[in-house]
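Hi,

Here is the structure I promised to pass on. Have a look at it first, then read my notes below.

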Amino acid sequence: MKFDMDYIAHHNELTETNPYFKLFLTIFLLILTLALDNLYFDIFIFVVMSIVILAVAKINFRSYLKFLSIPMAFVVITCLFLIFFFGNGEVIYETGIFGIVVTTDSLHYGVYTFFRVVGCLPLLGFLALTTPIAKILHCLATLKVPRIVIEIALLMYNSIFIFLNEIDTMQKAQETRLGYHSYWNSFKSLGALASTIFLRSLDKSETLQHSLDSRGYTGELPIYEPQKRE
Amino acid sequence: MHIMEGYLPLEWCIVWFVVAIIFVAYGIYQIKKIVDETPESKALLAVSGAFMFILSSLKLPSVTGSCSHPCGNGLGAALFGPAVTAVLATIVLIFQALLLAHGGLTTLGANIVSMGIVGPVVAWIVYKAFTKAGISSTIAIFFAAFLGDLLTYVTTSFQLAFAFPAPTFSAALTNFLVIFAVTQIPLAVGEGILTVIIWDRLKAYKPKLLDKLGALAPNEA
């Protein structure tokens with residue numbers, strides 16, 4: 001479905017790289033990018049990280065483009081909005097419609113925000129596309145994030161994929177019965193879908209708890225960490 | 001709806017992170033207490049979190065660097081209370097950033113405050129007030145979900161206006177609020193209706209569970 005990112009994270013050249021290194025590099029560079037707030041540095045980061053993602057991690061170009069496209073579409077709209085509706089100061093350009101003008105201030109806001117996002121997105125992409133969630137959670141666990149949070153997150157991660165399969169099946173069943181034919185119908189179908197999923201999830205959680213208990217679960221899922229293949 | 005990666009300047013990222021961490025830490029403390037009392041609730045919490053994630057991955061685009069979707073935080077707050085919901089929302093937001101490129105890591109703090117703290121707290125207060133007043137829980141859940149959803153967006157407008165106070169803070173706030181009021185009210189009503197449908201089914205099939213969580217109105221229990 002739409003979880004291509006999870007698949008990519010498990011299948012690229014950097015999957016086996018030390019997750020601590022990737023996590024800290026991402027956080028460090030994110031803070032640096034925000035702190036410098038420099039247009040050239042933003043572009044520099046964008047280029048470097050794109051090269052890392054495409055050439056080093058060998059993620060195919062189309063997936064990367066897909067990852068960038070949705071946030072990029074938003075950021076373009078938003079920054080146009082910032083440029084035209086905000087700010088005071090010297091008027092640079094008059095549109096002549098409803099007195100909407102571009103001013104030095106608003107241009108500054110719009111341009112800086114745009115490039116900040118341009119710089120930060122590939123960084124998020126670097127972490128999200130090369131590191132499986134389970135590894136990130138494992139990192140966080142050794143970094144003293146409370147164990148209960150990690151446990152719940154891991155169980156959650158597993159159940160998400162079970163739900164996705166069920167939703168897919170149910171939605172197809174509803175569609176073949178014209179469940180999304182009209183606006184009100186789709187509301188009813190969506191409600192039925194969501195509540196059925198919730199009820200099923202309750203049953204699932206019971207089963208999950210029983211199976212965990214019967215295998216001696218004490219609040220820790222032991223993870224086997226394979227030796228790195230040289 | 002989430003503020004995207006890199007959208008906020010550094011100082012505001014830090015401010016919202018600090019606010020979020022205080023509340024989430026309290027939520028974790030609450031969860032620890034619940035799990036110590038009834039260990040079997042761990043799976044329930046995890047599965048409810050997954051449910052929130054699934055609900056919120058059905059997204060619709062809107063302007064201003066964020067997008068709209070049912071957030072499910074009204075339902076979460078009515079079932080588990082706001083503190084626990086804040087922790088679940090935090091995990092959901094991290095997953096959304098890493099699995100869907102939806103939201104971001106630097107803006108995580110701001111998103112937790114709007115979606116995981118203000119929304120659920122409002123929903124919870126509304127829900128408790130309505131049920132205390134003897135109104136049926138179905139009507140209460142509608143307003144809880146509706147207002148929880150709406151207030152999430154109002155909070156985001158405030159956050160954006162703080163970050164971009166141009167020409168003045170109030171002018172920016174009006175701008176952001178107008179955009180969100182226009183795009184959000186129908187979606188918030190939608191979320192309300194959806195939550196009511198889910199709630200009805202829950203009441204019909206799992207009344208004991210709702211009773212155990214203390215989520216039903218006094219006259220329905």
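Is the crossing of helix 2 of chain B and helix 3 of chain B left-handed or right-handed? The crossing is right-handed, a word used when the near helix is turned clockwise from the far one by less than a right angle, with anticlockwise giving left-handed.

Before going on, some housekeeping. This is a predicted model, where local features need pLDDT of at least 70 and side-chain atom pairs count only at pLDDT 80 or more, while totals for chains, interfaces and linings use all residues. Residues are numbered from 1 along each chain as its sequence is written, chains are lettered from A and ligands numbered from 1 in the order in which they are written, and side-chain values use heavy atoms, leaving out hydrogens and water.

**The helix pair in chain B**

Helix 2 (residues 41–56) and helix 3 (residues 73–80) of chain B have axes that come within 10 Å and cross at roughly 160°. That makes helix 2 of chain B roughly antiparallel to helix 3 of chain B (angles over 145 degrees count as such). Axes here are lines fitted to C-alpha atoms, over the stretch in contact, with angles from 0 to 180 degrees between N-to-C directions. Helices are DSSP runs of H or I with at least four residues, and strands are runs of E with at least two.

Who touches whom? On helix 2 of chain B, the contact (heavy atoms within 4.5 Å) is made by L44(B), L45(B), S48(B), F51(B) and M52(B), and on helix 3 of chain B by N73(B), L75(B) and F80(B). By class, that contact has 6 nonpolar, 2 polar and no charged residues.

Helix 3 of chain B is largely enclosed by the rest of the structure, because 8 of its 8 residues are buried (under 20% relative accessible area with a 1.4 Å probe, protein chains only; exposed is over 50%). After helix 3 of chain B comes G81(B), with a positive phi near 90°.

**Chain A**

Chain A has 8 helices and 2 strands, in the order α-α-α-α-β-β-α-α-α-α. Of its 230 residues, 44% count as buried.

Two lysines are worth a look. K58(A), in the loop between helix 3 (39–56) and helix 4 (61–85) of chain A, has a positive phi near 55° and is exposed at 57% relative accessible area. K144(A) sits in the loop between helix 6 (133–142) and helix 7 (147–176) of chain A; its phi is near 70°, and K144(A) is exposed at 75% relative accessibility. Most residues other than glycine have a negative phi.

Cheers

Note on methods
Parallel < 35°, antiparallel > 145°, perpendicular 65-115°, else oblique. Nonpolar A, V, L, I, M, F, W, Y, C, P; charged D, E, K, R; others polar.
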